[in-house]
Amino acid sequence: MIELTHVSKSYNKGKVKAVDDLTLTVEPGEIFGFLGPNGAGKTTTIKMIVGLLRPDAGRITVEGHDVAKEPLAAKQVTTYVPDFPAIYERLTGLEYLNFIGDVYGVPKADRLERINKWLEIFELAPVVTNPIQSYSHGMKQKIVLTAALLPGPRVMVLDEPLVGLDPRAAHQLKEMFREHCGAGKTLFFSTHIMEVAEKLCDRIGIIHRGRLVACGTMDELKAMDRTEAGQSLEEIFLEVTEK
Amino acid sequence: MSGGARGGEGGGVSRARTLGTVIRVGVRSNFGLAIIKHRLFKEKKDRWLAWLIAVSFLGVVPLFYGVVLTVQNVYDILKPMGQERALLSLGFLAGQFLILMFGIYYVISAFYFSRDLELLIPLPLRPAEVMTSKFAVIVINEYLTVAAVVLPIVVTLGIISRAGVGYWVNAALVYAALPVIPLAVVSLVVVAMMRFINVSRKKDALILIGSILLIALALGVQVVLGRTAGGGGPETNAVAVAKFFTSPDSLLNRIGAFFPPGIWATKAVAGGFTGQGLVNLALLWAVSLGLFVGMVGLAEMLFYRGVVGLGETTGKKRRLTRDQMSRRVTSGRRAVAAVFGREWKIMNRTPIFLLNGTLVAVIFPAIFVLMATIDTGGGGAGKSGGGDPMVLLRAMISANPLIIILATALFMTICGSINGTASSTFSREGTQFWISRVIPVAPREQAAAKFVHSYLVAALGVVTAGAVAAIFLHVKAAHMAAAAGLSLVAGVLLTVVGMAIDLARPLLDWTNPQKAIKQNLNVLLAMLADIGILTIVFFAVKALVKAKLGTGAALGVLFAALAVVAAASYTALLKFADRRYPAIE
């Protein structure tokens with residue numbers, strides 16, 4: 001479960017308001033899609049949830065742990081996939097996974113099972129002993145995803161996770177999303193791909209100029225839309241973000 | 001497509017304009033001018049740092065003054081013998097040697113490891129234009145590097161010899177050309193070397209070996225230079241010495257015989273606007289330009305072949321069996337051990353980090369060994385003849401056990417702390433620092449792991465220097481043990497200070513790994529802080545001696561004081577990490 005209560009964040013000494021009084025709850029077992037135009041505040045929100053940025057105001061909790069006051073407890077139940085897979089290029093894929101397993105304290109049996117499973121699914125098994133430097137962009141994205149899945153986290157936060165993935169891997173990732181949330185876990189991700197959000201998410205939030213301008217299930221969003229034509233998520237998105 | 005709007009491949013004016021743009025962008029991006037301007041004048045963030053650097057440089061003024069006085073004294077000695085111009089030669093040669101040494105690091109890193117190459121190579125630019133831009137950045141860096149060596153000599157000599165306009169104009173022109181010859185030579189060798197390395201699968205290992213060989217070669221040059229300048233060592237007889245000193249400029253010619261540009265530079269500056277001055281200036285510039293053009297020509301042919309695909313490592317596809325996987329998947333490792341393992345592997349597998357960090361801890365004592373073996377005529381460690389420079393050093397420090405121990409400890413401490421491992425430990429993570437921020441490991445534990453890694457490198461320097469001191473300075477075992485104790489505990493303090501400086505302002509947005517360690521201001525700030533700490537220790541020792549404590553008691557007090565301060569600073573570092581990590585955005 002993720003809870004954001006009146007969260008605000010600004011840059012340049014308050015001149016640029018990136019996130020403005022955001023209040024949002026993502027329930028356990030829910031896939032939450034976070035949409036918004038470029039520069040709307042998506043990545044800032046995500047970085048605040050995972051503790052990479054400190055909010056100027058408000059409170060964020062993950063599984064009941066205050067991110068500011070109990071950062072380690074919050075981090076222990078959360079994993080994060082950034083929009084760009086900047087990882088240790090000089091380590092091999094397996095060394096990186098071992099590092100993540102060690103710092104999250106994943107037991108060996110779980111580690112082995114999950115590593116084998118995700119390496120097979122993402123077709124990384126033949127290259128896992130090679131340096132990450134030798135991986136393509138998509139392979140790096142996959143190893144970051146595997147690392148994020150390795151601790152079996154209660155909460156996963158992903159920033160544009162489908163970018164750079166081939167159609168097969170994207171399909172498998174979406175399957176993983178469902179499996180993850182089917183076990184009562186929480187998944188929060190940002191995307192620009194409307195079809196994915198529409199088909200996959202239990203609820204969708206649209207952020208525009210730092211404010212949450214729409215939030216709900218697809219049906220609730222459609223009900224909000226006052227135009228005749230507003231049937232697809234894309235049309236709703238365009239309408240609520242045009243001002 | 002090629003050329004087109006810019007008037008084809010040879011479009012003179014437009015190509016020159018393109019080159020100008022590439023150089024301008026390269027310089028601005030390398031020195032982060034836009035960021036500095038933004039931080040100082042818009043965000044007003046780093047103003048304290050600008051003041052700190054200004055104050056630090058003021059602190060170097062007494063050192064500069066010392067150099068000026070030395071130059072003046074040596075000038076007074078050499079002038080009656082007609083040898084005063086040798087001082088200029090020594091300055092230029094020392095400067096060019098520094099350029100050669102630093103140039104190896106700069107050239108390899110800027111030409112082959114800077115990440116902006118990925119942006120530059122797809123642009124419609126010639127390889128030579130890209131390389132010229134990078135060369136210009138290195139030349140500017142080298143101006144700053146050699147300023148401390150060359151300027152005090154040139155300026156002091158100019159003032160005390162009441163030099164005319166010709167001296168100053170030619171000095172400026174010589175200074176402008178000074179880095180070109182050594183850098184062009186290094187670039188020619190490196191470009192050729194990388195062309196062959198790039199076809200190999202063991203690129204990192206070969207780059208490392210190649211770089212070490214180049215550094216060894218540069219050090220070898222210094223040895224030969226030393227032998228040449230040294231005048232023949234112990235076999236030199238009185239007649240030869242007299243002849244040598246009574247023949248005007250014999251010292252200059254002897255020094256310069258090994259590296260003629262040193263003579264040309266000296267004659268150009270000393271000669272001013274005379275025929276000799278202008279001819280030598282023209283010679284220096286002509287050779288500089290010739291080598292530069294040769295390098296550009298080679299770059300056009302080989303540069304891209306060396307650089308394209310260098311970052312790619314072709315790993316073999318090899319699926320692990322279940323058993324193999326089970327063995328290689330770790331378990332139960334503590335977080336501190338995991339972070340330490342990551343630090344260790346990344347440092348030792350990144351050639352630029354290894355060369356500038358761990359290896360410096362060994363190279364510095366190695367330079368001392370070379371200095372020790374100059375003029376011994378191959379006599380080596382055990383030699384104690386008149387030509388052995390170590391004899392003088394041993395005599396200087398052997399008067400008092402306290403001095404032996406402190407001098408040895410100082411040497412060991414400097415060798416341990418001169419590398420930038422501690423003061424770049426956070427910066428080296430670069431854009432990957434997000435991982436350290438999101439993992440469930442307390443910042444204090446991460447800092448502790450980094451401390452262990454940095455301290456091990458410092459200890460490597462201390463131990464290597466200790467071995468060198470034992471062999472060449474004949475330090476007794478008991479004295480060595482005391483010196484080692486002091487330097488190992490001082491090493492804790494200096495490691496903590498270096499880490500704290502880097503933690504306060506980590507440089508994470510680098511595109512070239514060189515920037516994270518070699519060109520990282522934090523490394524310089526840490527060195528200045530180290531000098532400050534060692535100065536305080538010096539005054540503390542003076543106070544202990546004044547208090548008439550015995551050697552054992554004085555050392556005991558010093559050791560205890562250092563240990564207390566080191567332990568307190570380590571505890572403070574861990575607290576600082578807890579406070580600082582969440583604030584790094």
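This is a predicted model: local features need pLDDT of at least 70, side-chain atom pairs count only at pLDDT 80 or more; totals for chains, interfaces and linings use all residues.

Colleague: What makes β4(A) and β5(A) a pair of strands?

Modeller: Strand β4 (residues 57-62) of chain A and β5(A) are joined by 2 bridges in the antiparallel sense. Pairing requires at least two bridges, so the two strands count as paired. In β5(A), A:H65 is the bridge partner of A:V62.

Colleague: Why are β2 and β5 of chain A said to stand at the edges?

Modeller: The open sheet has 4 strands of chain A in the order β2-β1-β4-β5, with antiparallel pairing. β2 (16-26) and β5 (65-66) each have a single partner strand, so one side of each is left without a neighbour in the sheet.

Colleague: How do you know how α22(B) and α24(B) pack?

Modeller: Two packed helices are described by the angle between their axes and the distance between the axes. For helix α22 (residues 477-504) and helix α24 (residues 521-546) of chain B, the angle is about 140° and the axes are 9 Å apart. Their crossing is right-handed.

Colleague: Which residues meet there?

Modeller: Among them are B:L493, B:V497 and B:I501 in α22(B), and B:L525, B:A529 and B:I533 in α24(B). The residues of this contact divide into 8 nonpolar, 2 polar and 2 charged.

Colleague: Where is confidence lowest and where highest among the elements of chain B?

Modeller: Helix α10 (residues 238-246) is lowest at a mean of 52, and helix α20 (residues 433-438) is highest at 96. Over residues 1-8 of chain B the pLDDT is below 50. Chain B as a whole averages 81.

Technical notes: Residues are numbered from 1 along each chain as its sequence is written. Chains are lettered from A and ligands numbered from 1 in the order in which they are written. Axes are lines fitted to C-alpha atoms, for helices over the stretch in contact, and angles run from 0 to 180 degrees between N-to-C directions. A crossing is left-handed if the near helix is turned anticlockwise from the far one by less than a right angle, and right-handed if clockwise. Two residues are in contact if their C-beta atoms, placed from the backbone, lie within 7 Å. Ala, Val, Leu, Ile, Met, Phe, Trp, Tyr, Cys and Pro count as nonpolar, Asp, Glu, Lys and Arg as charged, and the others, Gly among them, as polar. pLDDT is the predictor's confidence in each residue, from 0 to 100.
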